[in-house]
Structures are given as C-alpha cells and as structure tokens.
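Hello,

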Amino acid sequence: MTARIAFQGEPGAYSHQACRETRPEMEALPCRTFEDVIDAVRTGAAEQAMLPVENTTYGRVADIHRLLPESGLHIVEEAFVRVHINLLGVPGAKVADVRQAHSHLVLLPQCATFLRQHKIEGVVSPDNARAAREVSEMRDPSVGALASELAAQVYGLDVLARHIEDEDHNTTRFLVMSRHPDLTRRADKMMTTFVFRVRNIPAALYKAMGGFATNGVNMTKLESYMVDGSFTATQFYSDIEGHPDDLNVKLALEELAYFTSELKILGVYPADHRRD
C-alpha cells in the first residue's frame, strides 16, 4: 500500500504541488481543513502532513501556529515551493476570450497588472484549485481561473498564460509533519523549531533571548500570539539555525528554559537549500 501525505485543499492546490515536489513517491490525500490534515496523520489515514506556514507575499498562514503545538505531530522537513500563477481556461480558449478570472482572494491582487492589461475581472473563490474545477465544469471560454499548472492537468484545462504574477519571488514555506520525531542530524545545516511561554517576571523575554545572542545562535523567526483567549497569556513561536546537540544551541535552550514556564520543541529538520 502506497504511503500517503495529507494536504489542505482540493486536488491541484499549491499544497498538492508541494506534495508532488517534496514527496513524489507518496499518494497525496486532499483534506477540507488544516484540522482534517492533522487528524489524518493522527489516525493513521496518512503518514505525513504538508502544511503551509508562511508566504513571501502575504505573510503568515492564519491558524497554523495555533494548531501546531497541540497537534501532537513533529516537523521532519521544510520545503520552499515557488508559487507561479497561471491563467487557465477551457480547451481551445484564448486569453482574449476571458472576461472573468476566478481565484483565491490572496492570488487576485498578485496578478493585478495582467488582469488590468487584459480587461479581465477578478472574482473571488474560496480556493484556487476549486476555481479551476468549477471553470472546467462551466465549459465557458469567457471564464478562467488563476491557479497552478498542476490544476490545469488535474481538471483538463489549457494554460492560457504562464507566470502572470506581478512579483517574481512568490514562495511558500511548507512544513512536513509526522507522528514520529526525527532528531537525527541529517544535514550540515539543521533547523530547530519550538514554542515557549515566558515566566511572569520583569524583562523575561529580553533575558530569555539573551542566551541566543551570547551563544551565537541565529534566530530566523520569532512570533507571538495569544492563547486561551487571554491578552496576558502569550506564546512565542521560534525557528533557530542549529541542532539541539550543538553546544551553542544547547546552552541557549538551557538559558531559555530558565526564563520560561513552558518550552516545547516541535521539530528538528534539515534546512531547505532554498532558504539561502
């Protein structure tokens, strides 16, 4: 039986593309919500999960940082996936035929120049892959979708115009998650992700961060978000370069633990080569 990797969205979504690129040997399992993706791995319906965490154009993916600490899953890999946006249409259609382009709210502004030049109206859809599916079902040459080339393959559409996004750096960072942690050193450059809550003492966060500076540990991400619906309960999410067995990382985490009421490592994994 082929191992499966779960993703959020319909077939042809960019998360599906991430699965194809990162785990081509695994069967991609579409799920309705991020919670469904996590549950699929928890229950054994899938061996791994592919979850987007941030994008260079629209920033952090909502809800993911809240879900990860309580998911019971572990990060085993990161994957940077280039997001190319394409205009898809029914077979035989031309760009000049298209009067409306359906896609997700965050994709439409990224193609504003192309849409304006071709006098195409952007129409919001809940999901770019769903937009492609609906265009395929409508069979109307005046209606197109903004989506991946994979979506064109899945739904039998033509790619009318490739790579029409305004910016040429649009990249999404995904995390591959598993029921089982892998703490082995699998590459020269490793990443460690963790969440923590600081103790209720003056300057606790400042002091907690000091250990990373004094030990020369590069912190590539630090984000805060509220927990338990309280303005005073704040949890921090962080990525650092290095492995917990590295002496400088070990010392920094020990100092961090002194100033925190809770510290949980979510994963240790190789840094994606596109990180640099």
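Below is what I found, going from the whole chain to a few single residues.

First, some ground rules. This is a predicted model, in which local features need pLDDT of at least 70 and side-chain atom pairs count only at pLDDT 80 or more, while totals for chains, interfaces and linings use all residues. Residues are numbered from 1 along each chain as its sequence is written, and side-chain values use heavy atoms, with hydrogens and water left out.

**The whole chain**

The chain has eight helices and 15 strands. Both are DSSP runs numbered from the N terminus: helices are H or I with at least four residues, strands are E with at least two. Along the principal axes, the C-alpha atoms fill a box of roughly 65 × 45 × 35 Å. Of the 276 residues, 50% are buried (buried means under 20% relative accessible area, exposed over 50%, partly exposed in between, with a 1.4 Å probe and protein chains only). Among contacts (heavy atoms within 4.5 Å) with a separation of 6 or more, 74% link residues 24 or more positions apart.

**Helix α5**

In α5 (residues 128-138), the buried residues are N128, A129, A131, A132, V135 and S136. Why do they line one face of the helix? Seen down the axis of α5, they fall within an arc of 155 degrees, so they line one face; the arc is that of the directions from the helix axis to the C-beta atoms. At the N-terminal end, D127 caps α5, with a side-chain oxygen 2.9 Å from the backbone nitrogen of A129. Just after α5, R139 has a positive phi of about 55 degrees.

The buried residues of α7 are A204, A208, M209, G211 and F212. They fall within an arc of 135 degrees seen down the axis, so they too line one face of their helix. The face turned away from that side carries the exposed residues Y206, A213 and T214. Strands β12, β13 and β14 are among the elements that cover the buried residues of α7, and so is α8.

How do α7 (residues 204-214) and α8 (residues 247-258) cross? Their axes come within 8 Å and cross at roughly 170 degrees. Axes are lines fitted to C-alpha atoms, for helices over the stretch in contact, and angles run from 0 to 180 degrees between N-to-C directions. The two helices are therefore roughly antiparallel (over 145 degrees; under 35 is roughly parallel, 65 to 115 roughly perpendicular and the rest oblique). Residues of α7 including M209 and F212 meet A252, L253, E255 and L256 in α8.

**Two buried residues**

E165 is in the loop between β10 and β11, and is buried with a relative accessible area of 10%. Its side chain reaches the backbone nitrogen of I85 at 2.9 Å.

L146, in strand β9, counts as buried at 0% relative accessibility. L146 and N86 are 60 residues apart in sequence, yet 5.4 Å apart in space, C-alpha to C-alpha.

Enjoy exploring!

Methods:
Polar contact = N/O pair within 3.5 Å; in protein donor to acceptor, adjacent residues only side chain to side chain.
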